[in-house]
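Subject: Structure handover

Hello,

Please find the structure below, followed by notes on what was found in it.

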Amino acid sequence: MGRKRSSPMNVLSEWVKKQSMRMKICLGAMFALLALVALKLTIHDHNHFFIGSETIHALGIFVLIYKLKTKKTCSGLSLKTQELTALFLAVRLFCSTIMEGDIHTILDLTTLVSTLWVIYMIRFKLKSTYIKELDNLPLYYVVVPCAILAIPIHPFTPHFLITRIFWAFGLYLEAVSVLPQLRLMQNAKMIEPFTAHYVFALGVSRFLACAHWIIKIYETRGRYLYLIGSGYIWFSAAFLSELVQTFILADFCYYYIKR
């Protein structure tokens, strides 16, 4: 029998693997730039970026649910990341109900309910498979700085002050909520397939949200960060939060591709 012809994707994958880390970073940056250009040319309503981001996040949670239902194990999952996710979703749902009350509210509610189910399964039904020793990042390392930062730096809107502080707190917390999962993967020095699919979905989700900011800044030539009457520091802090989470999840995506 003759040799099977390699598909173009396999050939490309093998070529990328042979490149140096510097070349891989350059290729990743070029791919991200091309993706941004494609998004700018095809998506004209920027609200669709957030809808897509929230939908992909929900799909990532559904992947976890499928794993927990079929594999009957939560090994490789960080309970603390799920708890932080539930916290920022609950805060965002509260603010969204008061400030918006639209499709984002429905998507957040769906994702929150799914996340709470995952937490229930890890804490009670599949507790014996949860590796607590590896999930060792203290939650107050993440929650307290976000709460402190939200008090002085929050959006200036007509809504109640507490609502605006909660909104900022939810945004900051979302940016770092994946840190316990990353810590667990580093401790375990491995990543399971379904967990890999989940974190990759988070990476795509955050890339779409970050793309909204980058394209908006480009279209307004930077003025979007300094909208009069909307809080000078707030927009810069919000954009920085999106960048931080995108870079954190880029590390996740590296694990995904390596796996």
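Leaving out residues up to four places away in sequence, cysteine 146 touches Phe169, Tyr172, Leu173 and Val176, where contact means heavy atoms within 4.5 Å. This is a predicted model, in which local features need pLDDT of at least 70 and side-chain atom pairs count only at pLDDT 80 or more, while totals for chains, interfaces and linings use all residues. Residues are numbered from 1 along each chain as its sequence is written, and side-chain values use heavy atoms, with hydrogens and water left out.

Cysteine 146 is found in helix H6; helices here are DSSP runs (H or I, at least four residues), as are strands (E, at least two), numbered from the N terminus. Because its relative accessible area is 7%, cysteine 146 counts as buried (buried is under 20%, exposed over 50%, partly exposed in between, with a 1.4 Å probe and protein chains only).

Helix H6 (residues 140-150) packs against helix H7 (residues 161-176) at an angle of about 145°, and their axes are 8 Å apart. Axes are lines fitted to C-alpha atoms, for helices over the stretch in contact, and angles run from 0 to 180 degrees between N-to-C directions. The H6 and H7 crossing is right-handed (near helix turned clockwise from the far one by less than a right angle; left-handed if anticlockwise). On the H6 side the contact is made by Val142, Val143, Cys146, Ala147, Leu149 and Ala150, and on the H7 side by Ile165, Ala168, Phe169, Tyr172, Leu173 and Val176. By class, this H6 and H7 contact has 12 nonpolar, no polar and no charged residues (Ala, Val, Leu, Ile, Met, Phe, Trp, Tyr, Cys and Pro count as nonpolar, Asp, Glu, Lys and Arg as charged, and the others, Gly among them, as polar).

**Two further helix pairs**

The axes of helix H4 (residues 79-99) and helix H5 (residues 103-125) come within 9 Å and cross at roughly 150°. H4 is therefore roughly antiparallel to H5 (the term applies to angles over 145 degrees). The H4 and H5 crossing is left-handed. Its contact residues divide into 11 nonpolar, eight polar and four charged.

Helix H3 (residues 47-71) and helix H9 (residues 193-219) have axes 8 Å apart and pack at about 175°, so H3 is roughly antiparallel to H9. The H3 and H9 contact has 17 nonpolar, eight polar and three charged residues.

**The loop between H3 and H4**

Lysine 72 lies in this loop and has a positive phi of about 55° although it is not a glycine. Most residues other than glycine have a negative phi. Lysine 72 counts as exposed because its relative accessibility is 53%.

Serine 75 is in the loop between H3 and H4 as well, and is buried at 17% relative accessible area. Neighbours within four places in sequence aside, serine 75 is in contact with Lys67, Thr129, Ile131, Glu192 and Thr195.

**Annotated spans**

An unreviewed UniProt entry carries the annotation "transmembrane region" for residues 50-69, 138-155, 161-182, 194-215 and 235-257; such annotations may be inferred rather than shown by experiment. In the model, residues 50-69 are 100% helix and 0% strand, with end C-alpha atoms 29 Å apart. Residues 161-182 are 91% helix and 0% strand, and their end C-alpha atoms lie 33 Å apart.

Regards

Notes
Angles under 35 degrees count as roughly parallel, over 145 as roughly antiparallel, 65 to 115 as roughly perpendicular and the rest as oblique.
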